[in-house]
Amino acid sequence: MAPTPAPRRFLGRLPLPERTFVVNALRTETVGGVLLLLAAILALIWANTPLSDSYDAVRDFHIGPAALGLDLSVQHWAADGLLAIFFFVAGIELKRELVAGELRDPKAAALPVIAAICGMAVPALVYVLVNTVGGGSMDGWAVPTATDIAFALAVLAVIGTSLPSALRAFLLTLAVVDDLFAILIIAIFFTSELNFAALGGAVIGLGVFWLLLRKGVRGWYIYVPLALVIWGLMYNSGVHATIAGVAMGLMLRCTRHEGEAHSPGEHIEHLVRPLSAGLAVPLFALFSAGVSLSGAAIGGVFTRPETLGVVLGLVVGKALGIFGGTWLAARFTKAELNEELAWPDVFAVATLAGIGFTVSLLIGELAFAQNPALTDEIKASVLIGSLIAAVLATVLLKLRVRVYRALCEEEERDEDQDGIPDVYEQDKPEYHLRMAEIYEKKAAEHRRLAEATGASQDDGGRPA
C-alpha cells in the first residue's frame, strides 16, 4: 500500500536562503516605509496650513524639455518618473519570485496567488457595488485594489510588532502579485491614445537593453542613459511610463551561475532598492498626499459613493478578499496551516494589506485625471481607508504579539554563534556536537564556581 503523501504546509518555516532574502528585503522596505510615512505626514501638514499656497506652487511647477514632450509638473515627474524606479524594483522582485522564490513552484504559488487575486477582485467588487447603489462613477474601481508593502511594514515598525518570517514572506508575495496586476491594470486601462512611432522606439530600446544584458555588457554609464531614453519614449507613446521600469526589471537575470554569490538582478536590486524606498517613493508621497482634510472634506469621504467605495474596498474588501481566498485555496488544495500560527493571524495580515497607499494614489490620479476636485477627494479616501486598515491591523496584531515575539526569538536564536539560526541546524550532527561542547564548557565552569564557593564557605566557617 502506497504511503499517504504528507499534506503541504501553509505558512511553514521558510528555507534559509529565502528567509535571508526576505529579512534583508523587508529591512530596506521598513526604513523606506517610515520615510514614506513621514513624507505623507509632511505633505498633509504642508497642504493644510497657511503654507498651502506654496505647496500648490511647488507641486505644479513645470520643468523639463518641452521639445521632447517632457515639460512636466513636479508632481508629474514624481508620478511618472520617480515611480518608474519603484516599478523597476517591482519588476526585479517579480522576476526573482518567478524563478527562485515562492512563485517558482506552481503548487506552492497557487495559494498566495489566489489570495492576491481575491484581494484585488473583492475590493473592486465592493467599489462597484457601492457606486451602483449610490449612482457614482465606476472609473475608480481599481483604486482600492493595491497593497503598499512599504507602508504596511512602516506600521509594523511603528507599533513594534515583528511578524514571523513566514507571515512576512506571505505579505511580500501578496504585494508582488498585487504589483503585477496593478501594472497590468495601468497598462490596459490607463493607456491614452498610442503614438506608435514612440512606442516602436521604446520597444527597440528594450530590445537593445535585453541584448546588452545577454551579452554580459557591464557599466551603469551604458544602461542608465539607455533606460532614460526608453522611459522618455514610453512616456510619449501614451503607455504609462512606469511600464518601462517594469519591463527592464523583468529582463534582469535573477538566477545564480556557478561561482556567483548574487545574481545580476539581486545585485542591482540591492543597489537600487534604497533609492526607490528612500527617495523615489517618499517624494511621490510628498507631492501626491497633500490634500485638504477639513471636517467637510472628511465627512464627504463617507457620503460620496466614489470615496466611500474606496474606503470600504480597502478596509472591508481587502481583508475579506485575502482571507477568504486564502481559506478557500487551503481547503481545496488540502494545505494545512502551520500549527504555530492560527487563522486569526492570516486575517490580521489580510487587514494590514488594506493599506493601499502608493499605487492606490497613482491609480486615483489616473482614474480621475479630468476631475481634479474628485481626484483630491479620492486621495483623501485612500489616506483615510489606509489609516483605518492600519488601526484595525494594529489591534489584531497586538492581540497575538506574545506569540509572534516567541516565534521570532525561536527563529533568530543562534546559541552556537555560527551565523545560522539553530532551527535550521537540527538535522546536522556537527551542530549538536558544537552545542555539546558549549554545554560541557558551561558545566565545567559551574563546577569550578561551585567548588570555589564551597571552599569560600568552609573558610568563612572556621574560627579565627
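T147 is buried, its relative accessible area being 8%; buried means under 20%, exposed over 50% and partly exposed in between, with a 1.4 Å probe and protein chains only. The model is predicted: local features need pLDDT of at least 70 and side-chain atom pairs pLDDT 80 or more, while totals for chains, interfaces and linings use all residues. Residues are numbered from 1 along each chain as its sequence is written, and side-chain values use heavy atoms, without hydrogens and water.

T147 sits in the loop between α4 (106–134) and α5 (149–159); helices are DSSP runs of H or I, at least four residues, numbered from the N terminus. The T147 side chain reaches the backbone oxygen of A353 at 2.8 Å. A polar contact of 3.1 Å also joins the side chains of T147 and K318 (N or O atoms within 3.5 Å, one able to donate a hydrogen and the other to accept it; residues adjacent in sequence count only if both atoms are side-chain atoms). Beyond neighbours within four places in sequence, T147 is in contact with D178, K318, A353, I355 and G356, contact meaning heavy atoms within 4.5 Å.

Next, the nonpolar packing. The largest nonpolar core has 113 residues, and L11, F87, F170 and F357 touch the most other members; such a core joins buried Ala, Val, Leu, Ile, Met, Phe, Trp, Tyr and Cys through side-chain atoms within 4.5 Å. Helix α6 (residues 165–189) gives this core its largest share, 13 residues. Leaving out residues up to four places away in sequence, L11 touches A166, L167, F170, L337, N338, L341 and V346. A second, separate core has six residues, among them L72, A84, Y235 and A241. Y235 also forms one aromatic cluster with W77 and W231.

Finally, the rings. The structure holds 10 aromatic pairs (Phe, Tyr or six-membered Trp rings with centres within 6.5 Å; planes under 30 degrees apart are stacked, over 60 edge-to-face, the rest tilted). W220 and Y221 form an edge-to-face pair, 6.1 Å centre to centre with 75° between the planes, and both W220 and Y221 are exposed. F323 and F347 are also paired edge-to-face, at 5.5 Å and 85°. That pair links distant parts of the chain, with F323 in helix α12 (residues 305–333) and F347 in helix α13 (residues 343–352), 24 residues apart. F323 is partly exposed at 24% relative accessible area, and F347 is partly exposed at 29%.

Definitions and conventions
Helix = DSSP H or I, 4+ residues; strand = E, 2+ residues; numbered from the N terminus.
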